[in-house]
Amino acid sequence: MYVSWRKKAQVSAIMVASALMLAACSTGAGGEGTDTGTSPSATGDSPVSGGNLTLATLIEPPSYDPARCYMAVFQACHAVFGSLIEYDPATNEITPAMAESVETEDGKSWTVRLRDGLTFSDGTAYDADAVVYNWDRLADPVNLAQGSARLSESTWRAVDPLTVELVLPAVDFGFPSSLQFDLGLIGSPAAFDSLGDGFGAAPVGAGAFLLENWVQGSEVTLARNPDYWEEGRPYLDSLTVQLITNDTQRADALRAGSVNATPLTEPLAAQELKDEGYATYSLAQTGGNGVGFNLTDEAISDDDLRGALLESLDAAQINQVARHLDAATAFLPPDNPFRDDALGVYPEKDLASAQKQLDAYLKRSGQSSVEISLLTQAGVPSLVKPAELLQAQWGELEGLTIKVESFDSATLRGLQRAGDYQIVVWTAGGGPSLNKMYDLFHTDGVENYQGYSNPDVDAALDVVKSSNDPEEIAEAFATVNGQVSLDAPIRTWTHRIGLFAAAEDVEGVEPMTGLGTPYFDNLWISE
Amino acid sequence: MSSLLTSRVVRRRAWSIISLPILLFLVTVATFLMLSLMPGDPVDGLLPSGATDEMRDEIRSEYGLDLPLAQRYLNWMTGVLSGDLGVSLQSRQPVATLILERAPVSLELAFWAILVALVIAVPVGIYTAYRPNGALDRLTSAGSSALLAIPSFVLGVLLLFVFALQLRLLPMGGWVPFSEDPIGHFRALILPVLTLAAGECVLFIRILKGDMIATLKQDHVLSGRARGLPTWRILLRHSFRQSSFSLVTVLGLSIGRLIGGAIIVETIFSLPGLGSFVVAAVTARDFMVVQAVVLLSAVLYLLVNTAVDLIYPLLDPRVRKA
């Protein structure tokens, strides 16, 4: 079905490595394995065209401007724009989509070749100039695009009507993942010019669906794009995506038949639906919910104090409250092929040892007690409840007081960026690619809000970017996981996982996009 | 004497109208200051990972956040007075457009909730005042106590559980535009309207019943009864109009509250109204949206209550002479 992926390219080893990791972790909520192969049907039946589905979603894009289509809303934007490439964690493949091929010889200079004859839904050409126009927009700081950091020191140009060349500032064999997410959604330049800021509400792309109607804050109706490049797709005539922010309500909407499928955030909720006969799917992510320690803070940078905090943290208790299944014992999940517990795991709970370390810190700093600030995001139970529990858990140590402070997401992010905090409860990482570990733990990582700097970790993460040898990359990931689990600049209690539940007749849920929701153009209804 | 009374009444009515812009000005200043003085920077919620200081500065400049507070307020008010409510930080769409998309949902929800509450409360309030301690009165007293004790979010979830999840008679939530499917539109409205109307209805019944009982004891009512006037005429013509003072006052407050404040109900039922809109905006620090919605709610609230002030004389001639 797909046009073949040109093998001249050195397909990125890091992507393959990431795929292996995710394939190992991609299982049903109850442990049921995912399908492999390219068949979009879980039952092996051939896809049937026609019909309408209603999906629930927990978040809608603030705008359908590709610059604002961040990871959490990727699948909605992907339906309208498609993407240059698609990554399928179930089959370990990077498949071509709008781009026919992506090639590199050195990991620094990349050539993206587009399919011939692609058009946007307004009839204009989806060509190299359109890609360049979009990347120029993404690079403009005013557009606040996630891809702007990626493009900031890169150069790009249209070589011919179907070829774009991009030169990165440094070798990065993991670059293709950006062609799915940050840089992969391409809109019609003509529509950008004519609609201006209105484009975000009336997007024009070349994806499988056309945005027919968007009642912001409620639902979006997508209709089949009759001119979609891939023959026979999408299978559905239309798709309604209904915004229901509460996890329980989304599950109930599925039970009541108001929606046919829904993403979930709580593994236990997925387990309950599975027990009731619904099909459930999951996709491992990089990262999870936990605490981030600001290592630039004088008190938190003290090994004894941080050791006391880490050894008095009860992850299992927090997980119980957060309705998650297994508590994290290292940064990567247990079934990850790159995890080697001999290289390091999170410190185990040991209250006596924790008290000793705290006493040592207090004695050395000449204090009788210490107060530590713990920030969390107001109004998000999965972050507020753990903060309250941590306050109680850490409160068991004599001489330690925890002050919980709640902020809105924008303020919290600002405080993290500015390093103006001590400890924060947050959701670290996201997305299927292990590249995220570079962002979180490298000294120069864009999400290293902890001020973490470990030369061994930096060296390993540099290998991850610069190498195209899967074995070397695997070894580097194992080193990083072991070291960051020992150092625990971020101490997660749950592994991030994308969960999806669907009625029995909903097919084609796999492959899934980065956060565990399916590609909409792959969905169909069994007879 | 008469001219003195007239001038006092005129002065009072004039003050009701003159005080409107003053109150609105105070509301805008308070809202603006509250949002501006909150810790943190709204831009932080927008910046992507790895954003540079240059990017932050550009965005701050684009939204005028680098200007002094007074200048920002002046710019915003100048825009508001010319019909420009600014641009949403999150969606980059004009705030006025976004509000116009959502306000009809909240207005319709408030309209039906008030209407349903009144349709139930007026006859029940009148009858229970006419027959105190009767079966309906006892039933209403027990029911209203129970309803008052149930918060709207609990009632909403309960109604969803029974009518959507168990009986599957009504949808779980969501909004169906009337133009797309009129029947679906009203089916989607039933549960949120009932959730909102329940609390208002109980309040209306209690207020109307109390006032009616007092009115029914007045001389002109007793005299009407002695003259053998029909009961319906005594209740509706001689008692209800006079007893509706407090009801009209509360009605005004309820309308204002429901238009801008049905936050929980809109969230539970996934309705794209102003309430859920403002919650999302507060979370994202989309201050342009929050300022505009608060301003709109304040305007509506004040207008409705000014209208209520002006309606009093129509309900009772004695007010005109007061």
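In the predicted model, 41 residues of chain A are in contact (heavy atoms within 4.5 Å) with 44 residues of chain B. The area buried between chain A and chain B, that is, the accessible area (1.4 Å probe) lost by the two parts on being put together and summed over both, is about 3,400 Å², with carbon and sulfur atoms giving 49%. A:Leu144, A:Gln216 and A:Arg417 supply 17% of the area that chain A buries against chain B, more than any other three residues.

Between the chains, 2 salt bridges are counted, the criterion being a side-chain nitrogen of Lys or Arg within 4 Å of a carboxyl oxygen of Asp or Glu. A:Arg417 forms a salt bridge with B:Asp44, their closest N and O atoms being 3.9 Å apart.

Within chain A, an open sheet is formed by 4 strands in the order β4-β5-β7-β6, with antiparallel pairing; strands (DSSP E runs of at least two residues) pair if DSSP finds at least two bridges between them. β6(A) pairs with β7 (residues 163-167) of chain A over 5 bridges in the antiparallel sense, and A:Leu166 in β7(A) is the bridge partner of A:Trp156.

Residues are numbered from 1 along each chain as its sequence is written, and chains are lettered from A and ligands numbered from 1 in the order in which they are written. Local features need pLDDT of at least 70, side-chain atom pairs count only at pLDDT 80 or more, and totals for chains, interfaces and linings use all residues, while side-chain values use heavy atoms, with hydrogens and water left out.
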